[in-house]
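Good morning, and thank you for making time for this item.

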Amino acid sequence: MSLYSKYLTEDEQLIIDAAEEFRSDVLEPRVMTDLEREICPMDVLEQMRELGFTNASVPEEAGGFGGSMTLQCALDATISQASLAMAFMGCSNPIATLLARVGTPEQIELFMPGLLSGQGGLGFTEPNAGSDSSGITTTAVKDGDEWVINGQKTFISYINVFDYFLVSALTNETEPGGASVFLVHKDTPGFKVGSMFHKIGLHGSNTGELFFEDMRVPAINMIGKENHGLRYVLAVLDSCRLANAACAIGIAQGALEKATMFAKQRVTFGKPICKHQGISWYFAEMEARLSAARSLVFDVARDCDEGKNITAGAAKAKWIAGQTAMFVTDRAIQICGGYGLTEDFGVARLFRDARVIPIVEGTDEVLKIVISRDVLK
Ligand SMILES: Cc1cc2nc3c(=O)[nH]c(=O)nc-3n(C[C@H](O)[C@H](O)[C@H](O)COP(=O)(O)OP(=O)(O)OC[C@H]3O[C@@H](n4cnc5c(N)ncnc54)[C@H](O)[C@@H]3O)c2cc1C
């Protein structure tokens, strides 16, 4: 039984059991070493791929496990309790899922095997276009049966890990938002990796710049309809935002458990600190907020599995769960006192990972735009 059992089928629960075992046997022993470097431990990712976590929510007919969004959220929450980077990297394959939905039979035959084994990353953000994804300046110009792509992307995750990237580029510079998306293999001539960033959290993954210099891709690499690219970007972001929210509740759960263990053992003024009312109220606040965030995340996941639109729901879940993760990890540090500030203790790392959530794949401010637009429509 896990915290997420009530949301899962029996088969899905078996996967979560395997994920919990993997977390304690493989991930936790390595979080303070390999997973603290800003580079992916490929052997860990390979194990997650072999266990089927990566393609768990890719449709069965496309070669995945065919699991629900609910399963993906439970997986994300289970793994992010130890490592946000490995949850982001090893629990989903959003580009394979998108291709299964909108790709032509020829595209699915051509790209799906590579995406299932080597995965795909998101290549949307540019130095002057983050929240405003319509502000990109990367261009794709048709030349016979090929597109020639020129431009720059930044803050791109897993550059040295994934084989494919879904890249947005302007295909109609005269129309605002006239962009399309292309599936690009990292070995394509003209695909160049720039510098990497040193981040506060999300260690265990690399994040950096990509440059495209006269990069030629065949016409078949355009996914979906020409000039409709932003629609696909936003569709991918909806499911990624919900997955991020699930990761946030996993981070919060990890911090709550560490703080609980500490507060029952640490004695001050003759009793364990959890018996001091000032500290016990922190636990009440952490647990209440976390339960509410968890319920919201799995409520939206159920909507997604029922085929409902989750644009506003995913935004609400990510905002609430991200804020909850920041609150809970902050209180956990406070409860653990000086030990909470030391890196070896593990709570500080969860605090740093939590800080990433309100920025990636939609900042809190952008999420509020999405939510308020839905309320006021
Ligand atoms: C660790 C990490 C990994 C990432 N991985 C990827 C990846 O793999 N692929 C990818 O494409 N991108 C990736 N990103 C990029 C990420 O999605 C962007 O950082 C995010 O969308 C915000 O864009 P920005 O950083 O350009 O901020 P900006 O858009 O410049 O925003 C700066 C500030 O202004 C606020 N703001 C902007 N517009 C408004 C508005 N209209 N109203 C109110 N406030 C506003 C923002 O909320 C933010 O607080 C990653 C980022 C990080 C940090």
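Let me begin with helix H10, whose buried residues pack against helix H3 (69–80), helix H4 (84–90), H7 and H9. Please keep in mind that this is a predicted model. H10 spans residues 347–356 and is mostly covered, with 8 of its 10 residues buried. Those buried residues are Val-347, Ala-348, Arg-349, Leu-350, Arg-352, Asp-353, Ala-354 and Val-356. The list includes the charged side chains Arg-349, Arg-352 and Asp-353.

I turn now to the helix pairs. Helix H7 covers residues 229–265 and helix H8 covers residues 277–305; their axes come within 10 Å and cross at roughly 155°. Since angles over 145 degrees count as roughly antiparallel, H7 is therefore roughly antiparallel to H8. The crossing of these two helices is left-handed. On the H7 side, the contact is made by Leu-242, Ala-245, Ala-246, Ile-249, Ala-252, Gln-253, Leu-256, Ala-259, Thr-260 and Ala-263. H8 contributes Phe-283, Met-286, Glu-287, Leu-290, Ala-293, Arg-294, Val-297, Phe-298, Val-300 and Ala-301. By class, the residues of this contact divide into 16 nonpolar, 2 polar and 2 charged.

H8 also packs with helix H9, residues 311–341, at an angle of about 160° and with the axes 9 Å apart. H8 is thus roughly antiparallel to H9, and the crossing is again left-handed. The residues of this second contact divide into 17 nonpolar, 3 polar and 4 charged.

As general background, nonpolar side chains tend to be buried together in soluble globular proteins.

Leaving aside neighbours within four places in sequence, Met-86 is in contact with Leu-27, Leu-35, Pro-41, Val-44, Leu-45, Met-48, Ile-79 and Cys-91.

Next, the loops. Gly-204 sits in the loop between strand E6 (191–196) and strand E7 (207–218). Is Gly-204 buried or exposed? Its relative accessibility is 0%, so Gly-204 counts as buried. Apart from residues up to four places away in sequence, Gly-204 touches Leu-35, Arg-37, Glu-38, Ile-39, Cys-40, Pro-41, Ala-85 and Met-89. From Gly-204 to Leu-242 there are 38 residues in sequence and 21 Å in space, C-alpha to C-alpha.

Tyr-158, in the loop between strand E3 (146–157) and strand E4 (164–170), has a positive phi of about 60° although it is not a glycine. With 9% relative accessibility, Tyr-158 counts as buried. Phe-269 lies in the loop between strand E9 (267–268) and strand E10 (271–272), and its phi, near 50°, is also positive. Phe-269, however, is exposed, with a relative accessible area of 83%.

Notes:
Residues numbered from 1 in each chain as written. Predicted model: local features only at pLDDT ≥ 70, side-chain atom pairs only at ≥ 80, totals over all residues. Heavy atoms only, no water. Axes fitted to C-alpha atoms, helices over the stretch in contact; angles between N-to-C directions. Helix = DSSP H or I, 4+ residues; strand = E, 2+ residues; numbered from the N terminus. Parallel < 35°, antiparallel > 145°, perpendicular 65-115°, else oblique. Left-handed = near helix turned anticlockwise from the far one by under 90°. Contact = heavy atoms within 4.5 Å. Buried < 20%, exposed > 50% of the residue type's maximum accessible area, 1.4 Å probe, protein only.
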